[in-house]
Amino acid sequence: MFKSNLPWYARLFVSGFTESYDSYFLWGDIEEIFEHKKESNGILKAHLWLIIQLIKSIPPLIIDNILWSISMFRNYLKVAYRNIIRNKVYSFINITGLSIGLVCCILIYMFVDYELSFDKHHSNYDNIYRVVSQSNYGGEIAYDAGAPFPLANALRNDMPGLKSVTHIYYLDEIQAKVNNEAFIEKNILFADTSFLKIFDYEFLIGNKASIMSKNSSAVLTETTAKKYFGNKSPLGEILLIDNQLKYEVTGIIKDPPQNTSLPFNILLPFNSITEELIGLDLDRWNVSSSNSNVFVLLAGHTKVDLFSPKFEEMKRKYLPEKKWDKEFFELQPLSAMHYNSNYHTFIYAISMETIYIFLAIGLAILVIAGVNYVNLSTAQAVKRAKEVGMRKVLGAYRKQLIKQFIGETTIYTTLAFLLAILLAELCVGYVNDFLDNGASLSLLNSPSIILPLMFIYIASILLAGFYPSIVLSAFTPAKAFKKGINKKTGTKGFSLRNGLVVFQFAVSQVLIISTFVVSTQMDYFKNKELGFRKNEVISVSLPERDYNKNLSFANSLKSMPSVENVTMALGTPTSDNLVDTRFTRPGITIDSIPVQIKAADENYADVFDLKLVAGRFLNKHVEGDTLKKWVVNESLIRKAGFDNPQDAVGEYIDVSRHRGEIIGVVKDFHPFSLHEEIMPLVFTNKFQRFFATVSVKYNSGRTNNLNKGKSDSFQPEYSVYNTSATKQTLDAIEAKWKEFFPAYSFSHEFFDEYLRRLYETEDRLFTIIKVFTLLAVFIGCLGLLGLISFTVVQKTKEIGIRKVLGASSGSIVLIITREFLRNGVIACLLGWPIAFYFMNDWLQSFAYRVELSWWMFLSAGIIGLAIILFSVSFQSIKAALSNPINSIRYE
Amino acid sequence: MKILTRLEEFVLLSILNLRDNAYLVTIQKYLEENTNNNLSFGTLHVLLKRLEQAELLVHFIGEATSKRGGRAIKYYKLSRQGIEALRDIQSVSESMWANFSNLT
């Protein structure tokens, strides 16, 4: 043989575009010119010439290919149509499996795309950062996005290199009054003028420069303006916030998109914030709130690291020395805000892990559906061998056959795809409602989905079509017409098929186990003993900070018949209202330890059923009593180094700067969601200015039933809300409210409902994951069912002969089942370690978690094998019971 | 009678002129030298294929040589219909051009 000197890419190109007969000569022709050019112009120019020639040749060759395909296309279409009709079960399984898989993929893609699109609409997206801080006290790392109020000005004065700095403050739920009509408004944002320079908003009325010029100007979103003022012009209207602050509407902006980390309905000037309104000092470095954030805008391509030394300098200038090596400022990119729940966010956060889980499930579903297709089509190979042989005899090239089979896959995929798009569009509404993240996803509204859709489409065609077309087109005519095909090519295809079945089954195992683990963990969350009463407690936020007035309000509630007890406190046992500080033990040199102050009155322990393990709870506060008394939790006792709770009673600790005696120890309860560990708590009745909530323990008339059930879990007892006692109590509270706080509209919250909402987002996400997982397993089952029916058909003759020779029906079932069971067991052994690795990793992200246990793996295995047995036995019993005469005569 | 395109006409004429040495490389070169038409081999390949399908051309295979990676050459020759087609074209253009010098 002569060695060809043609570069590889040219060979690939030529044989890719032309039939083998043509490419033989073409190859030689090109080589001749190439060699000639190489001699006269040098190798570089020759290559250059060749590449240009190849590129110029693409259009005519492609057009030529298409023209040729069209003439054969009608024939292919006819054959594909006949195949679909002839093998109804097979086609049904393929199209259903593929389309369910595609629906899942499309929905997952849309969901992930939405989550990844957060904040991208700001043109400065890449250059906006939030100033956050990390602290490390004795190894306990805390993340804080709350900015002290002087921070923004300090940054403006001391930090060159920042293009812009803005300070924002979110108000908690508060009353907004318009023309004597009161609204409870959630997202009220205070921001200074640079806010509008850093972030992008579209103004409908008013303009950026003048809109926030006065301290009394307010900007509304379109929807809010409509809600308050209807269709009349809102300009110049007066807005009263919390009955204290007066604003004049100066502008309307278009509603910010749903996928923003900074949602708001009303925008107010930052300078109008008063200490009275928010209850925080505005000039102190050691006071911060997670509602107060500072954002900075950097010039493009600035290295964030450059700012570390400057932050260090600033820290030394403004913070006391003891914090210098404990607290660190950092810049958090806006692009990370939605995906990091360590730092407080104003809308739910979703971790990248969760997004990856979704992507992985989407991919797994697509692969499983693809594997189904590959398995079923190669299993069919025997049936189509004759067709392939006939085509080859009549002069078909292998390339044409490959094209034909890929074309067939394309037809299946196209059908499945059309079905999938239809289904996805129908389902997406439910998914929206279910997720309730404010997104209104729709295929029609998102043209950007076309590209990934095309990608998924082409990927699934290639994934599913490539291998079968190679296998099917490989038959040589002579062999195809002889009977030998059954043995030879059949087994070869089958071994890979076995591999794919094992793979598919292993993926299903991983998915089933993950579902078990996830739901066990979620159940654990919902049912875990929290350590306090949560049912039949109604909480009301106090609108004013006047202690005596609030006290008489609380006392007036106590006199109502259904009410058992009333307590005033900073918040409920699990609540957003926090006062973080640190404590030390006098005389003992331990690092100061973070602690939360729970300001509460003497009824708190009774209302929430807190259990005392030592000492007693707080007494009634007496005016003029200056001695500080603490009630602490077990966690504090341990951290402070006491041996047991009894020892601690009578000892002194310094909380912040206040020294006081420990008079009692309560059993640990969960002050946060179960993601976080229980931290040290201190109860005191000294800080009455913090009393912001009145909680009412009442009798709904169903108490006896409740205490028996899971009364301590997060699962709310909705039936309670409907009893007449509940309604009466609520009405009575509202009546009292109107008496004491006539200027404010009444709002209340059931404590259990609040607790449920802590896990709402997660609960929903995991339910969706569960549904997708089930679908994936279902698609896998479909494929298995189809594959088994083919195997049985293939073995029809064998079964018949065995029966004639005296085999029992049982042994025949066993023969068919054995192979699949073996595959199933191998798949379990492969899938379990993978599932163990991933789920173990996932559970680490929870402070309180279930342990992985053997039953999850075992039952997943049993479920899997049961599915195999079920689908196999159905077919194999049919085969085993059939009359041997029929089966031997088969073919 | 189907009228050939200019390019097809040129290709057929090149093959005629090249006599026994008409294959893709020489045709490409001939066209470039005489009509200044720099065709890529892909275009030319498809063109030749079409003309052969229209039975205006026939091909014959040459001997394999040590050049060209040992591959034989596919030579082209005009068929009877090919020559007919050229004649038709010639007569059509002659009648169309007949009065050219009188009118200008």
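## Overall make-up of chain A

Of the 891 residues in chain A, 52% are buried. The structure is a predicted model. Chain A contains 29 helices and 24 strands. Its C-alpha trace extends over about 110 × 80 × 60 Å along the principal axes.

Helix 1 of chain A covers residues 8-17, and helix 2 of chain A covers residues 20-41. The two pack with their axes 9 Å apart and at an angle of about 150 degrees. Because angles over 145 degrees count as roughly antiparallel, helix 1 of chain A is described as roughly antiparallel to helix 2 of chain A. The crossing of these two helices is right-handed.

On the side of helix 1 of chain A, the residues that take part are A:Arg11, A:Val14 and A:Ser15. They meet A:Ser23, A:Leu26, A:Trp27 and A:Ile30 of helix 2 of chain A. Sorted by class, this contact has 4 nonpolar, 2 polar and 1 charged residues.

## Nonpolar cores

The largest nonpolar core holds 120 residues. Within this core, the residues that touch the most other members are A:Phe358, A:Phe683 and A:Phe772. Helix 4 of chain A, residues 88-116, supplies the largest share of the core, with 16 residues.

A:Phe772 can be followed to its partners. Neighbours within four places in sequence aside, A:Phe772 is in contact with A:Cys104, A:Leu107 and A:Ile108, and also with A:Phe358, A:Ile361 and A:Ile365. Another core, of 44 residues, lies apart from the largest one. Its members include A:Phe553, A:Ile597, A:Leu636 and A:Tyr698.

## A buried asparagine in a loop

A:Asn603 is located in the loop that runs between strand 17 (593-599) and helix 19 (604-607) of chain A. Its relative accessibility is 12%, so A:Asn603 counts as buried; the cut-off for that class is under 20%.

When neighbours within four places in sequence are left aside, the contacts of A:Asn603 are A:Lys558, A:Asn565, A:Val566 and A:Thr567.

## A proline within helix 3 of chain A

A:Pro59 is placed in helix 3 of chain A, which spans residues 43-86. With a relative accessibility of 44%, A:Pro59 counts as partly exposed. A:Pro59 and A:Glu798 are 739 residues apart along the chain, and their C-alpha atoms are separated by 54 Å.

## Two residues with positive phi

Most residues other than glycine have a negative phi. One residue with a positive value is A:Asn243, whose phi is near 55 degrees. A:Asn243 sits in the loop between strand 9 (238-241) and strand 10 (245-253) of chain A. At 24% relative accessibility, this residue, A:Asn243, counts as partly exposed.

A residue of chain B, B:Glu55, has a positive phi as well, near 65 degrees. B:Glu55 is found in the loop between helix 3 (41-53) and strand 1 (57-61) of chain B. The relative accessible area of B:Glu55 is 49%, and B:Glu55 is therefore partly exposed, since exposed means over 50%.

Conventions:
Residues numbered from 1 in each chain as written. Chains lettered and ligands numbered in written order. Predicted model: local features only at pLDDT ≥ 70, side-chain atom pairs only at ≥ 80, totals over all residues. Heavy atoms only, no water. Axes fitted to C-alpha atoms, helices over the stretch in contact; angles between N-to-C directions. Helix = DSSP H or I, 4+ residues; strand = E, 2+ residues; numbered from the N terminus. Parallel < 35°, antiparallel > 145°, perpendicular 65-115°, else oblique. Left-handed = near helix turned anticlockwise from the far one by under 90°. Contact = heavy atoms within 4.5 Å. Nonpolar A, V, L, I, M, F, W, Y, C, P; charged D, E, K, R; others polar. Core = buried A, V, L, I, M, F, W, Y, C linked by side-chain atoms within 4.5 Å. Buried < 20%, exposed > 50% of the residue type's maximum accessible area, 1.4 Å probe, protein only.
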